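Please read this briefing beside the sequence and the model.

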Amino acid sequence: MGEPDTAEPNGARRVASEARDRVRFEEEALALADQVYRVARRFVSTREEAEDLVQDTYARAFRSWQSYTPGTNLRAWLLRILTNLNVDRGRRLQRRPDETPLEETDYYLANKMVESGGEQVLDQDRVVERLSQDSIVNALADIPHDFRDVVVLVDIGDFSYADAAQILDIPMGTVMSRLHRGRRLLKARLAEEAVQ
Amino acid sequence: MSDGDCGKCERLLQGYLDRELTTQEVVEAEQHLNGCDYCRRRYRFEESLRVYVRTTAAERMPPGLMEKLAQLRSTDPGAAPL
């Protein structure tokens, strides 16, 4: 008791084994960097901010690697750090989440497009024709961040509702309602553009 | 199909696309989709929209960032081979 483990042969083995675990952790975390960046990029408005955020995330992750439980979802663990850092940084002040009532139907954008161009605009190629890459990126950036975060995690990060709830530290029911509203806001923005 | 069924199908649509429905709900959604051209077209539209959002909004990591991240490592990968 009280003696440092490294004084014992067992202790030395443990240190070596911990070093290997740490290397493995770092390798696995780095392998996810591109996926982490994709989410970060849509959380913030510029590429530079996204790069900073990802670097800060990895710096913290590498420092606190021992609080990660092997076998659990490492990508979600990294995104949890990233989300907390993003909140700590004090995001740009945004207007209150849009309180205006939304369209009654999920099919709003589809129906708007049909009104302007007939049923065939719902074909996959036509969707792509009508909605430019810029319009999607801009529409996403316009959504208040509480809603956007959930849309980005689920639609771009491909996280489950449960993972998104854990990452954002909110109940799953809140994930679902924000996701629903976020997607409707996105579609309302896209509709403005698509039917012009 | 009655409007009521379309309304219910639409409520299930998001969870269906996200693969978050219970088995029972999946059965209900699919039964309706199989018999309703209106919902089926809109379901396909929602699906392609989602794929399109995912692909257009996903930006690859800029060159050089990986090197910067690797420099943040505390370990030297060569020092403790796996």
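This is a predicted model: local features need pLDDT of at least 70, side-chain atom pairs count only at pLDDT 80 or more; totals for chains, interfaces and linings use all residues.

Residues are numbered from 1 along each chain as its sequence is written, while chains are lettered from A and ligands numbered from 1 in the order in which they are written.

*α3 and α4 of chain A*

- (Axes are lines fitted to C-alpha atoms, for helices over the stretch in contact, and angles run from 0 to 180 degrees between N-to-C directions; helices are DSSP runs of H or I with at least four residues, strands are runs of E with at least two, and both are numbered from the N terminus.)
- The crossing of α3(A) and α4(A) is right-handed. (A crossing is right-handed if the near helix is turned clockwise from the far one by less than a right angle, and left-handed if anticlockwise.)
- On the α3(A) side the contact uses Leu53(A), Asp56(A), Thr57(A), Arg60(A) and Ala61(A), and on the α4(A) side Leu78(A), Ile81(A), Leu82(A), Leu85(A) and Asn86(A). (Two residues are in contact if their C-beta atoms, placed from the backbone, lie within 7 Å.)
- The residues of this contact comprise 6 nonpolar, 2 polar and 2 charged. (Ala, Val, Leu, Ile, Met, Phe, Trp, Tyr, Cys and Pro count as nonpolar, Asp, Glu, Lys and Arg as charged, and the others, Gly among them, as polar.)

*α2 and α8 of chain A*

- Helix α2 (residues 33–43) of chain A and helix α8 (residues 145–156) of chain A have axes that come within 10 Å and cross at roughly 150 degrees, and α2(A) and α8(A) are therefore roughly antiparallel.
- The crossing of α2(A) and α8(A) is right-handed.
- Arg38(A), Val39(A), Arg42(A) and Phe43(A) of α2(A) meet Asp149(A), Val152(A), Leu153(A) and Ile156(A) of α8(A).
- This contact has 5 nonpolar, no polar and 3 charged residues.

**Domains of chain A**

- Chain A is divided into domain 1 (5–88) and domain 2 (108–194), with bounds from an automatic or database domain assignment.
- The C-alpha centres of the two domains of chain A lie 29 Å apart.
- Domain 1 of chain A gives 10 residues to their contact, and domain 2 of chain A gives 12.

**Chain B and the interface**

- Chain B has 4 helices and 0 strands.
- Of the 82 residues in chain B, 18% are buried. (A residue is buried if 20 or more other C-beta atoms lie within 10 Å of its own, exposed if 12 or fewer, and partly exposed in between, with C-beta atoms placed from the backbone.)
- In the interface, 39 residues of chain A are in contact with 34 residues of chain B.
- The chain A side has 21 nonpolar, 5 polar and 13 charged residues.

**Residues with positive phi**

- Asp158(A) is not a glycine, yet its phi is positive, about 60 degrees.
- Asp158(A) lies in the loop between α8 and α9 (161–168) of chain A, and counts as partly exposed with 15 C-beta neighbours inside 10 Å.
- Arg19(B), also a residue other than glycine, has a positive phi near 55 degrees.
- Arg19(B) is in the loop between α1 (3–17) and α2 (23–35) of chain B, and is exposed, with 8 other C-beta atoms within 10 Å.

Note on methods
Angles under 35 degrees count as roughly parallel, over 145 as roughly antiparallel, 65 to 115 as roughly perpendicular and the rest as oblique.
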